[in-house]
Amino acid sequence: MKNFMSISLLAAALISPSLATAETCENETWNKIMTRGKLVVGVKADYKPWGYRNSGGEIIGMEPDLAADVAETMGVELELMPVVGSNRLQFLEQGQIDILIASMTDLPDRRKIVGIPSPNYYSSGTNILSPKKLGFTQWEELRGKPVCAVQGAYFNKLVENRYGAKISAFQGTAEARQALRDKKCVAFVFDDSGIMSSLASGQWDDFEMPLPTEDAASWGLAVPKAEENCVLGRFMSGMQFYWHREETLVELEKKWGIQSTSYLAEQADKYADHLLDK
Amino acid sequence: MAIKYIPVTTQYKQDRLAVLKPFSPKGAAYDEMYFVRWLGGLKLKYVALAALLWPAIAFAQSGGYGMGDAFEALLRWIPFLTFQGFLYNVLISIFAMTIGTVAGMALGLGQLSNISAVRRFAYFTTQIFRNSPWLVILFVILLAFPFEVTVFDITIPIPAWMKAVVGLSLPVMANISEIVRGAVRSVPSTQWEAAESLSFNRTQTMWQIILPQCFKRMIPPWMNWYAILTMATPLCSLLGVGEIITHSRQAMAAENNYPELLVPFYGYALVVFFVYCYPIARLTIALEKRFAFK
């Protein structure tokens with residue numbers, strides 16, 4: 001009996017530290033950023049105007065601006081690391097980047113891998129760019145027809161499954177648009193803000209964005225899963241809250257020539273300090 | 001019944017029997033050196049002609065955003081594409097070739113070892129990396145390798161292009177291993193016997209007699225693999241490693257992704273690779289002719 005007691009005590013002593021660590025915050029990433037004095041942020045480098053390069057090779061855009069604001073608030077230096085859709089989550093999991101601000105749609109299966117603190121900082125929907133001559137009016141008309149897309153976009157699968165379009169996915173937007181011009185497909189499926197900006201460029205006069213925008217989806221920035229409910233995750237929630245309240249995002253949208261979205265106006269109103277004027 | 005005549009021979013005179021003449025192939029035969037032989041075989045005058053015609057063809061198909069604008073955009077980006085892009089392709093290829101050559105030499109000699117365990121290990125390693133798709137090896141190395149290593153409290157970062165070096169050096173290693181094995185095998189066995197009669201042991205024979213003869217023979221196929229490796233470095237762009245193709249795509253994005261940009265930007269990558277690899281191919285063929293068996 002004495003033996004049994006001591007063994008169970010020993011077992012309890014061995015188990016308890018591991019139980020404790022599962023609940024408390026180690027704040028490993030936060031501490032690493034502070035001791036290093038440098039914040040590494042994963043951003044896009046091929047997604048104008050969200051994150052792209054100037055001809056000197058520096059990464060600029062709306063999301064790099066947001067990253068700079070985060071680094072400034074933390075009082076550390078900033079390093080931008082270019083990521084693409086296929087490696088961004090792995091980079092964050094491995095610890096190669098500390099946070100990720102890379103025009104990523106907030107999805108349940110992504111939340112299983114990384115922490116996505118709310119509120120979301122942007123929102124966009126899905127639409128198509130197609131020749132005016134074809135005169136599409138409904139998504140259903142795409143059934144069985146070839147549609148160009150960019151690899152790695154989450155809405156490719158939705159359009160394929162829901163409306164039975166035949167997706168041919170290309171590596172980049174330039175390739176996909178060239179395929180649309182070469183009449184290899186009847187439409188190019190992309191996010192609505194991207195399509196609006198290409199229509200505004202005056203190069204697509206024979207084309208239109210004819211369908212009702214679908215699947216308005218929020219964009220989320222991400223922190224490592226372990227930091228989700230700890231200092232870094234909570235801090236990023238605060239950053240996003242103030243970006244909405246101070247209308248930083250609305251100003252940046254103007255600065256980078258992005259068509260203004262109702263989502264940002266709604267959020268700014270929602271989080272505004274309503275006692276301030278009274 | 002006795003055979004009165006043999007149908008074929010009787011049609012011809014006795015001296016015109018059907019004889020298989022020595023086979024002399026025309027053009028490049030498909031073997032390990034096929035690629036370099038094809039590249040080096042391009043006549044300089046045709047290359048010059050293509051270089052003159054290409055912009056002309058490109059300009060002919062201009063739309064609203066003209067080819068002129070696209071080429072202007074390319075000019076702006078050339079320093080970035082070359083010094084932050086193609087330079088990495090060259091770096092990756094040189095490092096991967098160095099590692100691949102050293103490891104491949106060891107593995108090739110291992111395949112010729114007297115110890116059966118070593119021989120088997122070297123054989124299987126060679127076969128595995130020689131027959132796996134390069135992209136799969138790259139994926140495994142890039143995603144499975146750590147991005148930094150801590151040795152005695154010093155953190156050494158491993159940038160993505162260094163991982164690409166490791167990933168690409170593995171298939172190169174396997175192919176160099178086969179080159180070494182083949183070159184050693186190609187030395188007549190009488191050399192071994194002669195060395196033995198002069199009381200050289202196996203190691204001495206290998207290092208002092210066989211390998212010096214192989215060395216010259218290995219240079220052309222080795223350079224052939226270098227050219228192939230250099231051409232394979234854009235594979236890294238699929239994994240987001242910063243090299244010329246990745247950066248071309250980013251530059252095109254910054255220029256609003258006009259489809260007109262595709263021809264000048266990818267065309268520039270083609271020209272840069274050609275300018276780098278063509279002299280290597282010519283030299284390889286020249287060396288191959290010089291070192292060929294007489």
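This is a predicted model: local features need pLDDT of at least 70, side-chain atom pairs count only at pLDDT 80 or more; totals for chains, interfaces and linings use all residues.
Residues are numbered from 1 along each chain as its sequence is written, and chains are lettered from A, with ligands numbered from 1, in the order in which they are written.

Chain A has 278 residues, of which 37% are buried; a residue is called buried if 20 or more other C-beta atoms, placed from the backbone, lie within 10 Å of its own, exposed if 12 or fewer do, and partly exposed in between. Its secondary structure comes to 11 helices and 12 strands, where helices (H or I, at least four residues) and strands (E, at least two) are DSSP runs numbered from the N terminus. Along the principal axes, the C-alpha trace of chain A spans about 85 × 50 × 45 Å. Among the contacts in chain A with a separation of 6 or more, 68% are between residues 24 or more positions apart, a contact being a pair of residues whose C-beta atoms, placed from the backbone, lie within 7 Å.

One open sheet of chain A has 3 strands in the order E5-E1-E6, with parallel pairing; two strands pair if DSSP finds at least two bridges between them. Strand E5 (77-83) and strand E6 (99-100) are its edge strands, since each pairs on one side only. Strand E1 (residues 38-44) is joined to E5(A) by 7 bridges, and within this pairing A:Val40 stands opposite A:Glu79. Helix H3 (residues 62-74) of chain A packs on this sheet, touching E1 and E5, and its direction makes about 165 degrees with that of E1(A); such angles run from 0 to 180 degrees between N-to-C directions, with axes that are lines fitted to C-alpha atoms, for helices over the stretch in contact.

Another open sheet of 3 strands in chain A has the order E2-E3-E4, with antiparallel pairing. At its edges are strand E2 (46-47) and strand E4 (59-60), each of which pairs on one side only. E2(A) is joined by 2 bridges to strand E3 (residues 51-53), where A:Tyr52 is the bridge partner of A:Asp46. The helix that packs on this sheet comes from chain B: H10 (residues 244-254) touches E2 and E3 of chain A, at about 105 degrees to the direction of E3(A).

A further pair of strands in chain A is E8 (residues 146-150) and E9 (residues 166-170), which run parallel and are joined by 5 bridges. A:Val147 has A:Ile167 of E9(A) as its bridge partner. Because 4 of the 5 residues of E8(A) are buried, this strand is largely enclosed by the rest of the structure.

The contact between the two chains takes 22 residues from chain B and 25 residues from chain A. On the side of chain B that touches chain A, helix H4 (67-111) and H10 are the elements that give two or more residues, and H10(B) gives the largest share, 6 residues.

Chain B also contains helix H11 (residues 262-291), whose 30 residues reach 42 Å from the first C-alpha to the last, close to the 44 Å expected at 1.5 Å a residue; the expected span is 1.5 Å times one less than the number of residues. H11(B) bends by about 30 degrees at B:Cys277, and the proline B:Pro279 follows within four residues, the bend being the angle between axes fitted to the seven residues ending at a position and the seven starting there. Among the buried residues of H11(B) are B:Phe265, B:Tyr268 and B:Cys277.

Some single residues remain to be considered. A:Gly61 lies in the loop between E4 and H3 of chain A, and counts as buried because it has 26 C-beta neighbours inside 10 Å. Most residues other than glycine have a negative phi, and most peptide bonds are trans. A:Asn27, in the loop between helix H1 (2-23) and helix H2 (28-36) of chain A, has a positive phi near 55 degrees. The peptide bond from A:Ser118 to A:Pro119 is cis, with omega near -5 degrees.
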